[in-house]
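Biologist: Could you take me through the reading of contacts, helix packing and cores in a model with several chains?

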Amino acid sequence: MDPTSAWGMVWRGIAALITLAIFSFLWRDNPVYKFIERLWVGVVTGYWTMLLYYTSFTDKVRVPIFEEGQWWYIFPSLLGVLMWFRLSKKYGYVSRYALAFYIGISTGVFIPLTIKTSILYQVQGTIRAIDPTWTGIMFGIAFLGILCSLSYFFFSKEHTGVLGVSSKIGIYTLMIGFGAGFGLTVMGRVALLVQRVIFLRDYGIDLLGGGL
Amino acid sequence: MAWYDRLLAVDRRWIYLILAVAVVIPAIWTMHIPVSLSSEVENVFERVSGIQDGKIMFLAIDYDPSTMAELSPMAEAILRQVFRQNGRVVLSSLSQFGPAMTDEIMTRIAGEMGKVSGEDYVFLGYKPYPAITILAMGTDFRVPFPTDYYGDRVDDHPMMAGVHNFDDVEFVLSLAGGNAADMWIVYGNAKYGVPLALGVTGVMATDYYPYLQSGQLFGLLPGIKGAAEYEQLNESPGDGLRGIPYQTTSHAVVLVFIVLTNIAFFAKRSAQRKHGMQAGLS
Amino acid sequence: MKRQLPIILVFICGITMVIQFFVPHEYSEDLFQYANDFVIVIGILALPVGIYSLMTQTVRKARREPKERLYSLATIAGFLVMIIAGSRREWFTGATSLSSNMFNYVLVPAQATLFSMLAFYIASAAYRAFRARTLLAALLLLTAFVVMLRMIPLPEPLSTWNNDVVRWILEVPNMAAKRAIIIGVGLGAVTYSIKIVLGIERSYMGGD
Amino acid sequence: MGRTILFLLLATLTLLLLPGGARSAPEPPARLTARDNPNDSGHGILLEWEAPAGAESILAYEVFRLPWRPESEGPPHAPDTPDSVWIQVGTVPQVEDQRSLEYVDEDDERMLGTAVNQHFVPRNGSVYYRVRSLATDGTRSAFCPIVSGTAIGNWFHTQRVNALVIAIILGALMVYFIRKSAGGIKLYIRPIPGLAHIDEAVGRATEMGRPILFVLGTGTAGDIATLAAYTILARVARITAEYQTPVLVPVNDPVMMLMAQGTVKEAYLEAGRPDLYRPENIFYISAMQFPYVAAVNGLMLREKCATNFYMGVFHAESLLLAEAGSTTGAIQISGTDQVSQIPFFVAATDFTLIGEELYAASAYLSQDPKLIGPLKAQDFVKAAILLIALLGVLEATLLSSQWVRSLIEAH
């Protein structure tokens, strides 16, 4: 759509109104914000429903069962239907069978995969030689930081003695890390805000410049 | 209510308002704010400044449209500078979706500055397998690229006479949005000893500083800040520097907030201590 | 039985999927795909329950308070319009259809605006929280301060010093903290998962 | 395919282009072998060969194979098939003075759209290979003798033993410590600041006569951090049942909603107040992150929640929720496993469970030996990991070897 055509201006106007309405929440909660919030929830639910229908539902339920005759896809669908029984007072318990599959499979997949990516990979990455160079020494300090930070997460031992010292250094290291994370994020968020401001500015220019 | 109490309990809407002003003003009116310079960017600038009067540098455009916002300002600034100095440049692309984008940038800038393919620049094009391509270019650019992106024989280009491999260019600068950067370090720098600098996205930057320390890279352009610094050194404001003013003002506002809130906090604490001491004495 | 069977099912599914990871054979890959589809399909088919929940709460609010009626109407109308606008595939995917206009001019700007509000919230959070009450709070605020300072043009040699310090923070303590958290989280989550598979932890399952 | 043709074309062009004269072709690679690629599904063959004499002038090796064809198109190609049928599948660079080289030919797709995939490696079927050298001056060697290999599906991934060992040790230690603590031996758990304040935070809401908000994050019901949040929700719900304070749980996933209703109902039952349970207080809003946050922010302000909990998986919404929540003066307790969001929770909420603390919460809250035992086991494994890392670094520094590191190599 041509953004300066009549319809383009109308749609962009709607977008501009929504932008201003959401920003108005910064001032205070107000009826306009509330209206947009509720409308948004309705619209997004409708969109999401149709999106799931055309993608996952079509690929995993409709096509395999009804078009390709892959009868074994009936089982996950049946379990999915069991979830609806949660709404019934009497038969609510049957939804637990579906939940059991859902949780059992998710956690079972998760266990070895997390050992691989969060433990093995990460520990592997920390094993390096500490050479007598600037980089080497910095790595040595970082390594010490990792050991101390991890020692902060010992739960079953009182943090006294050596563990007390290391966990203290650990929490200091964690705090420095958090501060850095906070400071680094400002840039990206401001960039997003500027995009909204520029969107409003351009729409304003087109509107005043006789776009309509 | 003491001044510090009022400051500590200030309505947050004042904070929103001040930040909004700090962002909106530079976003609507163009203004120029200098960025602080870092040595890794200055090093790249100095080396590129040396590409004068017929000298040749190698520019590897190894990113694709997904990281264009951060890396294209660097490519543009560097190409303009080299052409202004009458330097020449050999380009390649190791990213599958990079060549069309490279061609667009190259043709546009060459058109603006009246530069000619084959005399002032040669765009070799794209080849898969980055490691092999870099290794092969180390022997002769013609091994992986007998013809350039436009299908012309490399040997037919006057500027390529006597230019065979990395020994014949001053240095390599790779603008990379992915692992091509590592390939250049391992195969280009470690195997052939090519002087190498990288331009990378802001997120990637921390991974490459150690190579700067170890001397494997002579320079690094980190993300949009690197692009802005470069444009400032080059005195040619572009998308990099345009993104800076509102970043500077908004960061400054947040920093001032932090200072103010701490001044008020300590003022209150010392007042309380004094008060506590007097209470204790009496 | 009502309580035991689900726990046994969790155990069987969990152990099967753990073993699957160590079996590279093609049959095992097919099993993984099939099991994964269970999670996806159960997830999709639960959506009607979600919509039912949303609609009943919307209607309930409207019934209870007349002032709420307009807002409730907005939710219901928005939902129905999107369902009708997307009821045909070509309407749903068409470049200038109502469905894609709603997506581009309602959903996208709304999302981008809420996301951009973080800029304000970051500023107010900094004002409120970055007070040097304790040593830990001081470290947090000082690091954030120094990192943000890199966007401010400083006179030499301050700017070089600041650049070096920021780089050091990112490469040394920041890297150490991130890695330690990832390892800790990984280990904690694996232990928690084993507790679920073994049926020790079952608060998620709830009552009848 | 296109790439292969391009490469061949290019190679021919290169040959034509290079100045003529005395050029000796390089030696072909030596001792080529082909065997099943270990630890895969059965569609990969591992080729190994040695660099010939004069390897310094070799740029790379070109690997060729006979294409696959389905039975309907005829029997598999025999090794005496003419040169034109052979296809190039890969190029392996000769790096530095590397002596032994390898290439894995892997492809498990029979068809690419409607076309037969010639690169397919059949399970339990033979494929023929030959390799030649490409010199830095563009000349090529003759092919080395043809070899064949057969891919089979493997039943155990030998390189993943380390992960299996960790899982088994962790599981065994858990069982051991559960038994030990069930036998009456008291195990210590260090206090976790955020958790110690849960009761107080709930009490405050009661005094003010306002509801409590519990946000389970924007993950899915399959995320472990979300599941861990249910333990805390169960605890909070039990206290609120005693105090008769409503707890509002808006969720962004229907499965999570059903689970949360079950958890809260159970908690009210345990507290002896099933009559107070209101299923409508646990409701679905939207599966999408931002409209969900917009609605929760509105809810916090309109319902004037006195205490907000944020537990589970959080993304950019962490600060959106925490800042909006702080405007109402609510006490806020947060916990997430997401490294990038912890800083915002630490800054904007009153108490934060940092990463692993979220998982330890269940043990801390219940003081049940069955849940404390695993925590002890977890600490043991953590200590072992620290030790391995330390030994690995010492070994790398003092002996310049990588044995310890190779033990924990992830595959």
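Predicted model: local features only at pLDDT ≥ 70, side-chain atom pairs only at ≥ 80, totals over all residues.

Biologist: How many residues of chain A are in contact with chain D, and which helix of chain A gives the most?

Modeller: Two residues are in contact if their C-beta atoms, placed from the backbone, lie within 7 Å. On that criterion, 45 residues of chain A meet 52 residues of chain D. Helix 4 (95-126) of chain A is among the helices that supply at least two residues to this side, and helix 4 gives the most, with 16 residues; helices (H or I, at least four residues) are DSSP runs, numbered from the N terminus.

Biologist: How do helix 4 of chain A and helix 2 of chain C pack?

Modeller: Two packed helices are described by the angle between their axes and the distance between the axes. Here the axes, lines fitted to C-alpha atoms over the stretch in contact, with angles running from 0 to 180 degrees between N-to-C directions, lie 9 Å apart at about 130 degrees for helix 4 of chain A and helix 2 (residues 26-45) of chain C. The two helices are therefore oblique to each other, since angles under 35 degrees count as roughly parallel, over 145 as roughly antiparallel, 65 to 115 as roughly perpendicular and the rest as oblique. Residues including A:Phe101 and A:Tyr102 in helix 4 of chain A meet others, among them C:Phe38 and C:Ile42, in helix 2 of chain C.

Biologist: Which residues have the most contacts inside the largest nonpolar core?

Modeller: In soluble globular proteins, nonpolar side chains tend to be buried together. A nonpolar core is a set of buried Ala, Val, Leu, Ile, Met, Phe, Trp, Tyr and Cys residues joined through C-beta atoms within 7 Å, and a residue is buried if 20 or more other C-beta atoms lie within 10 Å of its own. The largest has 243 residues, and C:Ile42, C:Ala123 and D:Val236 have the most contacts inside it. C:Ile42 touches residues including A:Met83, A:Phe101 and D:Val255.

Biologist: What is the case for helix 10 of chain D?

Modeller: Nine of the eleven residues of helix 10 (residues 356-366) of chain D are buried, so this helix is largely enclosed by the rest of the structure; D:Glu356 and D:Tyr364 are among the buried residues.

Methods: Residues numbered from 1 in each chain as written. Chains lettered and ligands numbered in written order. Buried ≥ 20, exposed ≤ 12 C-beta atoms within 10 Å, placed from the backbone. Lists of a residue's contacts leave out its neighbours within four places in sequence.
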